[in-house]
Amino acid sequence: MAQSQGAVAVDIDDVTKLYGNFTALSAVSLAIHDNEFFTLLGPSGCGKTTLLRCIAGFEDISQGAIRLYGDNIADLPPNHRPVNTVFQQYALFPHMDVTRNVMFGLLRLGRSEAEARARAGEVLELVRLSEFANRMPAQLSGGQQQRVALARALAPNPKVLLLDEPLSALDLKLRQAVRLELQQLQHETGITFIFVTHDQEEALTMSDRIAVISDGKVQQVGSARDIYEEPDNKFVADFIGETNLIDVSVAEIAGDKALCTLPGGTRFTCPAARGAHSGQGHLSVRPERVSLADPAGALLTGTVTRLIYLGTDMHVDMRLSDGESITARVQNSSQTTIPAMGDTVGLDFEEGAARLLVD
Amino acid sequence: MAGGIGSGPGKSARTYAGFGVPLILPAWLVIGIFLVVPIGIMLVYSFLTKEFRGGVIWEFSLAAYDQFFFDRGLFGDDPPEIEWTYILIFWRSIWQAGLATLLSLLIGFPTAWFIATRPAATRTIWLFLITVPYWVNLLIRTISMKFLIRDNGPLNTWLLDAGIISDPIHVVNTWVAVQLGLFYSYLPFMVLPIYAAVERYNFALSEAAADLYASRFVTLTQVIIPVVKPGIIAGCILVFVPSLGSFLAPDLLGGAKNFMIGSLIDEQFKGAAGNWPFGAAAAMILLSMVLLVLIFYARSQAKGEAR
Ligand SMILES: Nc1ncnc2c1ncn2[C@@H]1O[C@H](COP(=O)(O)OP(=O)(O)O)[C@@H](O)[C@H]1O
Ligand SMILES: [Mg+2]
């Protein structure tokens, strides 16, 4: 795993990208470390591809700097940037066989035909495609094409590899297998990966660190655990996993704690995200951290509106006294009593399970 | 009962076969009547004896081919000698057509590229503009070209007025005029197929090439051109083949010294001086050359697919 104190591989410094008067990226700053599996995660249209294209050099940035190991590369054309890209639709050269595709970058870097061929063989071995070395791209399955694209981008041994939703065109089974392979490949090669996805599960399982992006802005950067357990704002809490957002009024913020009043009047102290303020706010509580209890003495009371059976778990949807809904995810075990529709139940959660968000 | 309604695949297969023949028949008839029969007639006529007032005498003869290739005659008393006149006309046709093809490619490719990279709405307008002149009769366009380039035409007048030249350039009745005529006549046949290929071109391939350290030149020569090659080859054939047999441009712009095959054939079927078997033989020789080009193309295509 990459250490946060590692050298900065890609320093994205206050980058803004405008298309006409549309702001695709707004003052994005990110420090991506050497040998890190870094993921850009966000909904479709949030600017992930744009950021990747700015790093690769296909788009000029409107403002800011992009540094690669300290050198500003923002003004270099793509063919002078020592980064390689795995394109979303692979963009394999249709008139060249697999080996020729993989050799392409090496030949441009001035390697001899023999050297390039040997290196292509090596990389194809790495992605387990040796037996397809002489096939044309059109004769390969989607998964195989994806691995050719990967091999082609890895062959020149770039300092940074950019991957734009490389798994999105694969079916589910294959996607899960390739996830592991990619992660392993990153460890073996030691190349910094910048991986783009809109799939939170993909991001959580593969990445050393994740930048959550929305509307061209970085919402939060951190490990999968940081982002899931300690979301900074409503967008992140809502986008990553499922969460309950509970309306509260905040009396006071003291350090990293907030003193709030829950619907129904109970006073409650919980951690607060940096930048949270007093007044009206939202608490995020993950459904699996909400437990059902006796209504007397519980933090909240609600009426059961829906029960969803999920095998190992049960989703219990409830309506609170203020009309908002809340979901608890309870385990199906002999210890838990599952309420019935219309029951009034109490809801509890620990202080550490809740977090006051920045709106 | 066996053979009842819907009894097995045998019946339906027969039904489809039964419908197949009558449906394909019109296509075969058209190909037969308009393609095979005329070529057959031409082939037969090329082996007949000429009638002096035009037409043929139904007597087998190799005279037409003999006249085309040999001086003094293959069957005379003296040893035969190659007759260069017609071979030279053919050679001139080949290089004129080849040069016109090359010129159309050099101008047509960037044009097609330009049009294909415009926004979808403006593309249609550009394509329309390219085809507009071709709604005018080819004869009229060729004569207009003559007016443009003649000694006291607009081109020379303009160059003289601008002080670029001091005497008019004589273009009419030179091979250059023929070349201009051919180039102008068939340029759209180069632009349109290349346009179709470039329009389908996936521009991510150019980005991938740049990402893999290719310069613009390398991207053009090693990625773009190979990928749009089918369009380029189609364009080249569509320009080369009609240029080869063209007779309007060489007749009207080139004069007697720039005779091409088309004019040669044209003359054989005009008036009493004509020679139908000889015209048919020249046409057959032209046809064989065109076929050679097409076979070459088909084979290169097949090789491309097999890879
Ligand atoms: N060339 C362009 N011109 C104008 N707008 C663009 C262009 N490319 C992308 N955009 C806009 O920028 C936003 C971000 O796009 P993109 O980076 O592709 O999103 P994603 O996160 O899905 O990869 C989108 O709203 C998109 O419409
Ligand atoms: Mg994208």
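Helix H11 of chain B, residues 261-268, has seven of its eight residues buried, so it is largely enclosed by the rest of the structure. Buried here means under 20% relative accessible area, with exposed over 50% and partly exposed in between, for a 1.4 Å probe and protein chains only. The buried residues of H11(B) are B:Ile261, B:Gly262, B:Ser263, B:Leu264, B:Ile265, B:Asp266 and B:Gln268. Helices, H or I of at least four residues, and strands, E of at least two, are DSSP runs numbered from the N terminus.

A word on the source. This is a predicted model, in which local features need pLDDT of at least 70 and side-chain atom pairs count only at pLDDT 80 or more, while totals for chains, interfaces and linings use all residues. Residues are numbered from 1 along each chain as its sequence is written, chains are lettered from A and ligands numbered from 1 in the order in which they are written, and side-chain values use heavy atoms, with hydrogens and water left out.

Helix H3, residues 84-116, and helix H7, residues 175-200, of chain B pack at an angle of about 40°, and their axes are 6 Å apart. That makes H3(B) oblique to H7(B). The axes are lines fitted to C-alpha atoms, for helices over the stretch in contact, and angles run from 0 to 180 degrees between N-to-C directions. Under 35 degrees counts as roughly parallel, over 145 as roughly antiparallel, 65 to 115 as roughly perpendicular, and the rest as oblique.

What does the contact of H3(B) with H7(B) consist of, by residue class? There are 22 nonpolar residues, six polar and one charged. Nonpolar covers Ala, Val, Leu, Ile, Met, Phe, Trp, Tyr, Cys and Pro; charged covers Asp, Glu, Lys and Arg; the others, Gly among them, are polar.

One residue from chain B as well. B:Met145 sits in helix H5, residues 138-149, and is buried at a relative accessible area of 11%. From B:Met145 to B:Tyr186 the separation is 41 residues in sequence and 14 Å in space, C-alpha to C-alpha.

Now chain A. The domain assignment gives domain 1 as 8-229 and domain 2 as 242-356; such bounds come from an automatic or database domain assignment. Taken over C-alpha atoms, the centres of the two domains of chain A are separated by 40 Å.

Chain A has an open sheet of six strands in the order E6-E7-E8-E3-E9-E10, with mixed pairing. The edge strands, each pairing on one side only, are E6 (83-86) and E10 (217-222) of chain A. Neighbouring strands of this sheet are turned by 20° against each other on average, direction ignored. Pairing requires that DSSP finds at least two bridges between two strands.

Which residues of strand E3(A) are buried, on one side and on the other? A:Phe37, A:Thr39 and A:Leu41 are buried on one side, and A:Phe38 and A:Leu40 on the other. In a regular strand the side chains alternate between the two faces of the sheet. With five of five residues buried, E3(A), residues 37-41, is largely enclosed by the rest of the structure.

E3(A) runs parallel to E8(A), residues 192-197, over five bridges, and A:Phe38 has A:Ile194 as its bridge partner there. Four bridges join E3(A) to E9(A), residues 209-214, also in the parallel sense, with A:Leu40 partnered by A:Ala211. E9(A) then pairs with E10(A) in the antiparallel sense over five bridges, where A:Ser214 stands opposite A:Lys217.

The other sheet to mention is an open one of five strands, E13-E12-E11-E14-E20 of chain A, with antiparallel pairing. Its edge strands are E13 (267-271) and E20 (354-356), and the twist averages 45° from one strand to the next. E12(A), residues 257-261, and E13(A) run antiparallel and are joined by five bridges; A:Thr261 has A:Arg267 as its bridge partner in E13(A).

Last, helices H2 (98-108) and H4 (142-154) of chain A: their axes come within 7 Å and cross at roughly 30°. That makes H2(A) roughly parallel to H4(A), and the crossing is right-handed. In the loop between H2 and H3 (113-126) of chain A lies A:Arg111, partly exposed at 31% relative accessibility.

Terms used: Left-handed = near helix turned anticlockwise from the far one by under 90°.
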